[in-house]
Protein chains: 2
Amino acid sequence: MKTLKYSRQRESIKNCLMNRTDHPTADALYLSIREEFPNISLGTVYRNLKLLSELGEIARFSCGDGSEHFDYVTEPHYHFVCKTCGAIIDLPQSLVHKTEELMTGPAPGRVDSHTIFFYGECSECQQKIKIIC
Amino acid sequence: MKTLKYSRQRESIKNCLMNRTDHPTADALYLSIREEFPNISLGTVYRNLKLLSELGEIARFSCGDGSEHFDYVTEPHYHFVCKTCGAIIDLPQSLVHKTEELMTGPAPGRVDSHTIFFYGECSECQQKIKIIC
DNA sequence: ATGCCTGCAAATCCTTTGCATTCCT
DNA sequence: AGGAATGCAAAGGATTTGCAGGCAT
């Protein structure tokens, strides 16, 4: 079993992630945390995020925008990704159960988990006036 | 409208991708193509894959393993990812229609598309004897 | 005191880009 | 000829890692 020793930095990373619902990247988290710990290093943020996701305390996923995102919510759920502003929004968990029923079908092996990303435009962005270039 | 001038390299990239069902990365494709074009450069492969995916001739996705994968099949379909060997296997298109019905529900905006990744272990890997370290 | 954790910087991996040259049309 | 496309190498962004010193137990 892995031994984890307390560290203020890791504590603050967990807290920061817990208080956000925007699924930040390592760098976004780093920028927030620097307000409390001006000396924290990006490497420490990466190291702890990796550690915590390996322990299953947080979730990690990539939605295709080039960097990894992190989530304090580890229960299975889906995400909506706005192509315009990049927002990542949680979808209700009830969808997961319905989807699981669908794939009890023809999987080429044992399925342990699955993720869904929906891509579109969030309602906020839809309301903005579009400038045609 | 974008003008595309013929090039042997791009032709070979398309052909190579068409003949594979393993959803290669840019680098994997590069290694294959080098057998026919020993002088092709990795940059050219990346440039053409980017171009072709922007034109919608091929599909591009990331499944969380750190690099982008490419697919000659552009019709919507889902993927099964083996956690053990990394294989990426196509799932039947029929699932897509069923899933679309599920999310006509509570999306926080306009949904244009979606992707699903199933993670597990493919039947081949399941059959292999596991060595306990 | 021991060993995990940190900050820093260098290293690595993946992808894009600038430039001079070559290849299509 | 003129404009794309290429090869090469350098640059860029994201993430990991090596190391010496610091902190928790």
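Around DNA strand C there are 23 residues, of which A:Ser7, A:Gln9, A:Thr44, B:Tyr46 and B:Glu68 come nearest; a residue counts as near a molecule or strand if one of its heavy atoms lies within 4 Å of it. This is a predicted model, in which local features need pLDDT of at least 70 and side-chain atom pairs count only at pLDDT 80 or more, while totals for chains, interfaces and linings use all residues. Residues are numbered from 1 along each chain as its sequence is written, chains are lettered from A and ligands numbered from 1 in the order in which they are written, and side-chain values use heavy atoms, with hydrogens and water left out.

Of the atoms of DNA strand C within 4 Å of the protein, 71% belong to sugar or phosphate, and bases make up the rest. Individual polar contacts can be named here; the term covers a pair of N or O atoms within 3.5 Å, and within protein one atom must be able to donate a hydrogen and the other to accept it, with residues adjacent in sequence counting only if both atoms are side-chain atoms. A:Arg10 places a polar side-chain atom 3.0 Å from a phosphate oxygen of DNA strand C. On chain B, a polar backbone atom of B:Glu68 is 2.8 Å from a phosphate oxygen of DNA strand C.

The elements that give two or more residues to the surface near DNA strand C are α1 (8–18) and α3 (42–54) of chain A and α3 (42–54) of chain B. Helices (H or I, at least four residues) and strands (E, at least two) are DSSP runs, numbered from the N terminus. With 5 residues, α3(B) gives the most to this surface. By class, the surface near DNA strand C has 5 nonpolar, 9 polar and 9 charged residues; Ala, Val, Leu, Ile, Met, Phe, Trp, Tyr, Cys and Pro count as nonpolar, Asp, Glu, Lys and Arg as charged, and the others, Gly among them, as polar.

DNA strand D has 22 residues around it, and A:Tyr46, A:Glu68, B:Lys5, B:Ser7 and B:Thr44 come nearest. Sugar or phosphate accounts for 69% of the atoms of DNA strand D within 4 Å of the protein, and bases for the rest. A base contact involves A:Lys5, with a side-chain N or O atom 3.3 Å from a base nitrogen of DNA strand D. The side chain of B:Gln9 has an N or O atom 3.0 Å from a sugar or linking oxygen of DNA strand D, and that of B:Thr44 has one 2.6 Å from a phosphate oxygen of DNA strand D. At least two residues of the surface near DNA strand D come from each of α3 of chain A, α1 (8–18) of chain B and α3 of chain B. Here α3(A) gives the most, with 5 residues. The surface near DNA strand D divides into 5 nonpolar, 9 polar and 8 charged residues.

The two protein chains also touch each other. A:Leu102, A:Pro108 and A:Arg110 supply 22% of the area that chain A buries against chain B, more than any other three residues. Between the chains there are 3 residue pairs in polar contact, both residues at pLDDT 80 or more, and 0 salt bridges, a salt bridge being a side-chain nitrogen of Lys or Arg within 4 Å of a carboxyl oxygen of Asp or Glu.

β5(A) runs antiparallel to β5 of chain B (residues 109–122), joined by 13 bridges; two strands pair if DSSP finds at least two bridges between them. A:Gly109 has B:Cys122 as its bridge partner, and A:Glu121 stands opposite B:Arg110. Within chain B, β5(B) also pairs with β3 (residues 79–82) in the parallel sense over 4 bridges, with B:Phe80 opposite B:Phe118.

Definitions and conventions: Buried area = accessible area lost by both parts, 1.4 Å probe.
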